[in-house]
Number of protein chains: 2
Amino acid sequence: MSKQMREAAAAANAQAIARLRAAGLRPTRQRLELARHLFTGPDRHVTAENLHGEVVGAGIKVSLATVYNTLHQFTGAGLLRQVVVDAARGYFDTNTGDHQHFFLEDEGTLIDIPGDAIAVSGVPQPPSGLRIDRVDVVVRVTREN
Amino acid sequence: MSKQMREAAAAANAQAIARLRAAGLRPTRQRLELARHLFTGPDRHVTAENLHGEVVGAGIKVSLATVYNTLHQFTGAGLLRQVVVDAARGYFDTNTGDHQHFFLEDEGTLIDIPGDAIAVSGVPQPPSGLRIDRVDVVVRVTREN
DNA sequence: CTGTCATAATAGAATTATTCTAAACTGATT
DNA sequence: AATCAGTTTAGAATAATTCTATTATGACAG
């Protein structure tokens, strides 16, 4: 490793430490390793299991529980965002027509948004060989303090 | 019960039977009861557990497994639609900026849609006392044919 | 440096919603 | 009325995640 590379790595590390500190998170070995894997290179989408597999595969000792904790802490700190695409709890809707939903996060209830009220525009062409099955919009609402 | 009411109930039942038959589902006692609960009255959103609680509370003998089976069969038949609002598997995204996603259902992978490409318009005012936390768009894509 | 203490990491148990399995039952058809 | 594929069911199994109780570690004081 050249002096230049060492310096770059050290700088990246210092930056990661600062980022964690700013979020009120102690820059532990595990959190730094996970941050390095997550934030080095282009944007990515990970699940707890696959990130855990990846870092363990890279020879790093971290438990799955810590990966879960860390992902949530990073999300709380605004370093990550959670994407919801599959259902933990199946909600079934008797309205099968074109419409979308408000989701009241505090109560776990749904309210319909008529399909003729709401519109999604600018959906790009899907990757070739794939067709759009449907477009789901969830408007998440919470109590106004 | 008046003759008129008896006739109306019989007609509703006959219609439910026809609807199930058309979907290739045998109109069993359980399926008819569940259909009655689901499709009588205004549109609604149910989970397997709460529908089960409701029908059992009404004195009907159905197992939870049957409720799950039936909800899926009705969904397959186009009588219901599933709404996804909470995460069975947590996907975390390193891109925290404004953007949405393609979800490749066959593979379980995500592709970003830039926030400046896609737009959602016509979101109604949320119910009073609630504020919009965020608007999530998931464009579900599957293999062609 | 070293001790102290709050914070963090961990293994394994527990939880939650759901699906599976294998056996018993039922509705439609002969 | 007998048959039999389609259904229902209880309970076991699964999958992802969270909890719990214990051990370890980083930061700071002295």
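Predicted model: local features only at pLDDT ≥ 70, side-chain atom pairs only at ≥ 80, totals over all residues.
Local features need pLDDT of at least 70, side-chain atom pairs count only at pLDDT 80 or more, and totals for chains, interfaces and linings use all residues. Residues are numbered from 1 along each chain as its sequence is written, chains are lettered from A and ligands numbered from 1 in the order in which they are written, and side-chain values use heavy atoms, with hydrogens and water left out.

**View 1. The contact between chain A and chain B.**
Chain B puts 70 residues into the contact, and chain A puts in 68 residues. Contact here means heavy atoms within 4.5 Å. The two chains bury about 6,800 Å² between them, with 57% of it on carbon and sulfur atoms. Buried area is the accessible area (1.4 Å probe) that two parts lose on being put together, summed over both. Between chain B and chain A there are 42 residue pairs in polar contact, both residues at pLDDT 80 or more. A polar contact is a pair of N or O atoms within 3.5 Å; within protein, one must be able to donate a hydrogen and the other to accept it, and residues adjacent in sequence count only if both atoms are side-chain atoms. On the side of chain B that touches chain A, strand E7 (residues 130–143) of chain B gives the largest share, 14 residues. Helices (H or I, at least four residues) and strands (E, at least two) are DSSP runs, numbered from the N terminus. That side of chain B divides into 35 nonpolar, 19 polar and 16 charged residues. Ala, Val, Leu, Ile, Met, Phe, Trp, Tyr, Cys and Pro count as nonpolar, Asp, Glu, Lys and Arg as charged, and the others, Gly among them, as polar.

**View 2. Strand pairing across and within the chains.**
Strand E7 (residues 130–143) of chain A pairs with E7(B) in the antiparallel sense, over 13 bridges. Two strands pair if DSSP finds at least two bridges between them. Val139(A) has Val135(B) as its bridge partner in E7(B). Strand E2 (residues 81–83) of chain A also runs antiparallel to strand E3 (residues 91–93) of chain B, with three bridges. There, Val83(A) stands opposite Tyr91(B). Within chain B, strand E4 (residues 99–104) pairs with E7(B) in the parallel sense over four bridges. Phe102(B) faces Val139(B) in that pairing.

**View 3. Salt bridges between and within the chains.**
Over all chains, the whole structure holds twelve salt bridges. A salt bridge is a side-chain nitrogen of Lys or Arg within 4 Å of a carboxyl oxygen of Asp or Glu. Two salt bridges are counted between chain B and chain A. Asp136(A) forms a salt bridge with Arg140(B), and their closest N and O atoms are 2.7 Å apart. Within chain A, the side chains of Arg44(A) and Glu54(A) meet in a salt bridge at 2.7 Å, N to O. Arg44(A) sits in the loop between H2 and strand E1 (45–47) of chain A, and Glu54(A) in helix H3 (residues 48–57), ten residues apart.

A residue is near a strand if one of its heavy atoms lies within 4 Å of it. Sugar or phosphate holds 84% of the atoms of DNA strand D within 4 Å of the protein; the rest belong to bases. A polar backbone atom of Ser63(B) lies 2.9 Å from a phosphate oxygen of DNA strand D. The residues of this surface divide into seven nonpolar, eight polar and six charged.

**View 4. The surface near DNA strand C.**
Of 19 residues around DNA strand C, Arg31(A), Arg89(A), Gly90(A), Arg21(B) and Tyr68(B) come nearest. Of the atoms of DNA strand C within 4 Å of the protein, 84% belong to sugar and phosphate. A polar side-chain atom of Thr28(A) lies 2.6 Å from a phosphate oxygen. The side chain of Gln30(A) has an N or O atom 2.6 Å from a sugar or linking oxygen of DNA strand C.
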